[in-house]
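Please look over the model below before reading my points.

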Amino acid sequence: MTEQEKLTPQLTADGSFTFFSSEFRELFHSHFGAKQEAECKFVEPLQLRKKAATSPLYLLDICYGLGYNTAAALTAIWEVNPNCKIEWIGLEFDQQIPQSALEYNLLNAYPNYIQDILKEIAQNQHLKTELFNANLIIGDARNTISTVYNSGFKADAIFLDPFSPAHCPQLWTVEFLTLVAQCLKPQGHLATYSCSATARSALIQAGLHISYTPPVGRRTPGTLASLDPRDLPPLCPKEQEHLKTRAAVPYRDPSLSDIAEVIILRRQAEQDTCTLEPTSHWKKRWRSESIL
């Protein structure tokens with residue numbers, strides 16, 4: 001049975017649907033809401049409505065998946081500025097995923113013209129109109145990110161939306177995120193749903209400054225990153241201290257080709273020999289402070 005045959009729409013709390021990945025043993029989106037996550041974890045923190053005044057606008061969608069992030073972004077931008085030109089690149093491993101999302105009509109909450117655009121992207125991987133120049137690149141993002149970088153593409157906004165670091169460490173390594181950071185404009189922003197210390201540490205080692213995005217349907221925030229720290233609110237003391245514990249040891253993949261198990265074992269070995277504070281001590285300390 002193929003991954004496509006295993007895909008079954010899963011209802012989320014905001015009424016939108018997502019898929020469950022049997023390979024990564026995770027939903028493609030939070031159960032709190034796929035549509036809500038696209039808007040609140042990506043569109044709003046990346047200030048796309050404000051950036052819509054800039055034309056052309058350059059967007060990079062890493063792990064395009066079902067297309068929610070791009071659908072939300074295009075809708076928001078063109079609602080503010082219908083004449084905004086957009087240069088868009090999406091990276092996706094399995095082209096059956098975006099096709100299946102359309103077959104199940106998962107994106108029917110977005111305007112028809114947005115659905116038509118995503119259908120063209122899913123079927124042909126390319127679309128060029130007066131306002132929209134799109135290329136969906138299929139393959140391992142660790143390889144295809146080099147294609148983006150070598151093309152000279154620099155993004156105003158990057159959606160970083162792989163499966164979680166624990167299940168897909170390949171796309172949370174210092175080496176991969178260093179290439180991602182090199183595809184960002186100096187004043188551009190990257191957003192991701194994850195606030196894990198290992199992900200944030202890798203972003204920092206990739207040369208980015210980090211901040212937080214508000215929690216959406218859960219207590220944990222997301223992460224906002226940029227090469228320019230001037231408009232980034234600082235992390236709270238608890239989050240800052242988290243980055244000084246063993247949880248912050250990042251994943252590494254020097255060849256950009258190792259399997260997940262090797263990457264995980266490499267990190268565990270580094271954690272075992274590092275001098276950082278045990279994460280359990282940090283948890284205990286902040287649990288005590290919250291009681292006080």
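1. Strand β10 (residues 184–192) and strand β12 (residues 222–226) pair in the antiparallel sense over 3 bridges, where two strands count as paired if DSSP finds at least two bridges between them. Within this pairing, A191 has L224 in β12 as its bridge partner. As for the names, helices (H or I, at least four residues) and strands (E, at least two) are DSSP runs numbered from the N terminus.

2. Before going further, please keep in mind that this is a predicted model, in which local features need pLDDT of at least 70 and side-chain atom pairs count only at pLDDT 80 or more, while totals for chains, interfaces and linings use all residues. Residues are numbered from 1 along each chain as its sequence is written, and side-chain values use heavy atoms, with hydrogens and water left out.

3. Which sheet do these strands belong to? They are part of an open sheet of 8 strands with mixed pairing, in the order β7-β8-β6-β5-β9-β10-β12-β11. Its edge strands are β7 (126–128) and β11 (209–213), each of which pairs on one side only. On average, neighbouring strands of this sheet are turned by 15° against each other, direction ignored.

4. The next point concerns two helices. In general, two packed helices are described by the angle between their axes and the distance between the axes. Here the axes of helix α2 (residues 34–43) and α4 come within 9 Å and cross at roughly 65°; axes are lines fitted to C-alpha atoms, for helices over the stretch in contact, and angles run from 0 to 180 degrees between N-to-C directions. The crossing of α2 and α4 is right-handed, a word used if the near helix is turned clockwise from the far one by less than a right angle. The contact (heavy atoms within 4.5 Å) is made by A34, K35, A38, F42 and V43 of α2 together with Y68, N69, A72, A73 and A76 of α4.

5. Is T70 buried or exposed? T70 lies in helix α4 (residues 68–80), and with a relative accessible area of 1% T70 is buried, since buried means under 20% relative accessible area, exposed over 50%, and partly exposed in between (1.4 Å probe, protein chains only). If residues up to four places away in sequence are not counted, T70 touches D61, Y64, W88, L118 and F159.

6. Side chains of opposite charge can pair when their charged atoms come close. The structure holds 10 salt bridges, a salt bridge being a side-chain nitrogen of Lys or Arg within 4 Å of a carboxyl oxygen of Asp or Glu. One of them joins R200 and E239, whose closest N and O atoms are 2.9 Å apart. This pair links distant parts of the chain, with R200 in helix α9 (residues 197–205) and E239 in helix α10 (residues 237–242), 39 residues apart. R200 counts as buried at 3% relative accessibility, and E239 counts as buried at 16%.

7. D228 and R230 meet in one at 2.7 Å, N to O; D228 counts as buried at 11% relative accessibility, whereas R230 is exposed at 73%. D258 and R266 also meet in a salt bridge, at 2.7 Å, N to O, where D258 is buried at 18% and R266 is partly exposed at 29%. Finally, D140, R142 and D253 are linked in a network of salt bridges.
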